[in-house]
Every structure is written in structure tokens, then in C-alpha cells.
Amino acid sequence: MIQLILFSLIGALLVFALFFAMRRGPRTEGSSKALVGARQALNSLQAGLLPPELVERIFAPEDYEYVVSQAPKDVRDLFCAERKKVAIMWVDQVRQQIRSLMRFHLGSARFHAGLSFQTEIGLAVDFGGLLIACRALQVLLYLRGAYSAPRMVGATAAAAARVCRISEESLAFLNAASIGGLGDRSAGAAHLL
Amino acid sequence: MTVQLRRMDVQQAASDLRHRTLADIPRSLDRLIYLASMRDYNTGLYYHDGLASRFTQEVACEALADCHREAFRQLVGCSLEELVHQMEAYMESTCTNASDFLTAWKKLEPYRVAVPVETDPLSAQFLFSSFKIALAILESRRHTHPVEPVA
């Protein structure tokens with residue numbers, strides 16, 4: 001009787017093991033999706049959101065000075081409202097892409113990238129700090145407008161660029177050739193770099 | 001190798017376009033509108049018969065797309081003051097009544113269809129926002145210094 005229970009338990013354990021092993025199959029595909037997602041987030045940050053010329057343009061004080069000197073109050077108000085909208089959109093998109101990169105590092109990076117434990121800890125601290133800074137900046141921009149925190153904007157953009165550089169190192173093995181098989185879209189994204 | 005050759009053809013075609021056609025259109029705004037007008041709204045493909053006859057249709061299309069993206073980047077990089085100047089000059093070049101022009105641009109927002117495909121949403125939104133402000137500045141100027149009707 002004891003033997004029967006023992007063998008049943010072993011059998012049940014094997015069935016569970018088989019079940020979990022079968023579930024691991026799609027994870028490979030999910031993992032490649034995570035890689036492509038991370039690469040796209042990195043592209044979006046480096047090519048679309050963080051280039052200094054775009055950040056400088058969105059928060060350019062000379063535009064504000066020009067409007068103040070040239071336009072009546074209603075146009076000044078329109079200018080401030082429009083720039084505030086774009087500035088909040090910028091922080092929001094930076095935050096979203098950073099979150100996407102962070103998800104990759106939390107979930108999949110260790111399977112692909114040769115990051116040291118120290119680098120991973122440093123990166124985790126950077127991600128955490130950056131997300132908090134983005135949220136704080138969003139609140140500040142919402143309450144006081146696009147020109148309220150120029151230093152914080154610069155510091156956030158610099159921190160995001162630093163995180164991108166570290167992420168880029170961990171994704172360096174992922175070149176256009178290796179993701180070519182994942183579809184044209186992914187290949188196109190990698191080609192942009 | 002073929003891809004590399006094709007890329008060289010595109011660069012050559014883009015250079016040809018810059019030196020022949022675009023040399024006569026110095027302002028980025030005018031270039032953006034001109035290049036957007038070369039695009040078929042239904043397919044998103046660009047057409048330029050002269051360029052296509054010198055190269056191929058595909059190469060001409062990619063060269064036009066490259067120049068369109070370049071004009072867009074230049075315009076995004078302009079200061080608001082520069083954008084207002086460009087818009088004012090463009091308005092004058094169309095020989096349209098300024099009031100009609102401003103009303104049409106405010107209502108129809110034609111600049112929204114003038115951006116290249118796959119432009120990142122933030123840059124596009126920033127440019128649309130700048131256009132809106134530039135139009136408001138031009139309109140406010142007209143109220144401050146109204147043009148005397150010709151007797």
C-alpha cells in the first residue's frame with residue numbers, strides 16, 4: 001500500500017514536471033519577443049526621445065522669450081499650454097520605454113546578457129531612480145509648466161541615456177542578423193541602430 | 001552587395017533631387033509640403049517622373065522619402081521664431097489672402113498630412129503644436145497691424 005502511494009506520488013511529480021516542461025516551450029518565443037521589445041524600446045529612446053537636439057527644442061527657453069516679447073497674453077497662454085502638453089508627453093514616453101527596458105532586464109536579460117551582479121544591482125538602482133524622477137518631473141511639469149525644472153529635465157535625460165548605454169551593452173549580441181528571422185519589423189528596428 | 005548598391009543609388013538619387021529640384025526650394029517648410037505632395041495618399045509611395053526616369057521608380061521613391069524625412073528633421077529643429085518666419089514667407093508665396101490662409105490652416109490643419117510615414121509621435125506632436133502656436137502668432141499680428149484694404 002505504501003509502495004502504491006509512493007509510486008503514485010512519483011507519478012504525479014513526473015506529470016507536474018512534464019507539465020512545467022511543456023510550459024517552458026512558449027517562453028522561448030516570449031523571450032525572443034522580450035528581446036525585440038527591449039531593442040525597440042532602446043531604439044525609441046536613443047533615436048526618438050533622448051537626442052539632445054529634440055530635448056533642447058521642446059524645453060527651449062528662447063521660444064518662451066520670443067513668445068513673451070512678440071505675442072499677446074492669449075497666445076502666450078496657448079504657447080505655455082502646448083509646450084506643457086508636449087513636455088508631459090515626452091516624460092511619459094521616456095517613462096514607458098524605461099519601464100519596458102526594465103521589464104526586459106528583470107525577466108530575460110540574465111538568460112542572454114553577460115552582466116555582472118554588480119552591474120545588475122547598479123542598473124536596478126538606476127531604473128528605480130529614473131522611474132521616480134520621471135514621475136516627479138511629470139507632476140512638476142503638470143503643476144508648473146514646461147519651463148519649471150530645466151535642470152531636472154537635463155538630469156533625467158542624462159540618467160536615461162546612461163541606462164540606455166548599459167542596456168545597449170547587454171543587448172550588443174543582438175544584431176540585425178540574429179533577429180532577422182523574427183520578422184521584417186524587428187529587423188528594421190535593429191537596422192535603425 | 002545588392003542592398004549596398006541600391007543604397008548608393010538612393011543616395012545618388014537623393015543628391016540629384018537636392019541639387020536639381022530642392023535647390024529652388026530653400027525653406028524646410030516649403031520642402032516638406034512639396035515632398036508630401038509627391039506622395040500618393042492611398043499607397044504612401046512617392047512619385048517623381050524625372051527622377052524615376054534617371055534611376056528606377058523604387059530608388060526615386062526612397063530618395064524622395066529620405067529628403068522628406070530630412071526636411072521634417074530640419075523643421076523640427078527650427079526655433080519658433082524661425083518657424084513663424086517660414087510660415088509667413090510660405091503664406092506670401094501662395095498669393096492667398098492671409099486671412100483665408102490662416103483660417104484654412106487653423107481649421108484643416110494641412111500640416112498633419114505633411115509628415116513622413118513612421119515619424120515618431122513625439123516629434124510629430126511637437127511640430128503640430130509649434131504650427132498651432134505659429135498660426136496664433138501670425139493671426140495676432142494681423143489683429144495688431146491689420147492690412148489696409150486696397151482702395
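Here is a short walk through the model, one selection at a time. What you have open is a predicted model, where local features need pLDDT of at least 70, side-chain atom pairs count only at pLDDT 80 or more, and totals for chains, interfaces and linings use all residues. Residues are numbered from 1 along each chain as its sequence is written, chains are lettered from A and ligands numbered from 1 in the order written, and side-chain values use heavy atoms, without hydrogens or water.

Start with chain A in cartoon view. You'll see 9 helices and 0 strands (DSSP runs numbered from the N terminus: H or I of at least four residues for helices, E of at least two for strands). Of its 193 residues, 38% are buried (under 20% relative accessible area, with exposed over 50% and partly exposed in between; 1.4 Å probe, protein chains only).

Next, pick A:Leu4, in helix 1 (residues 2–49) of chain A. Is A:Leu4 buried or exposed? A:Leu4 is exposed, at a relative accessible area of 55%.

Now jump to the largest nonpolar core, with 91 residues (buried Ala, Val, Leu, Ile, Met, Phe, Trp, Tyr and Cys joined through side-chain atoms within 4.5 Å). Helix 7 (residues 121–144) of chain B gives the largest share of this core, 12 residues. Select A:Phe59, A:Trp90 and B:Phe131, which are among the residues with the most contacts inside the core.

Finish by zooming in on B:Phe131. Leaving out residues up to four places away in sequence, B:Phe131 touches B:Leu29, B:Leu75, B:Leu83, B:Met87, B:Trp105 and B:Tyr111 (a contact means heavy atoms within 4.5 Å).
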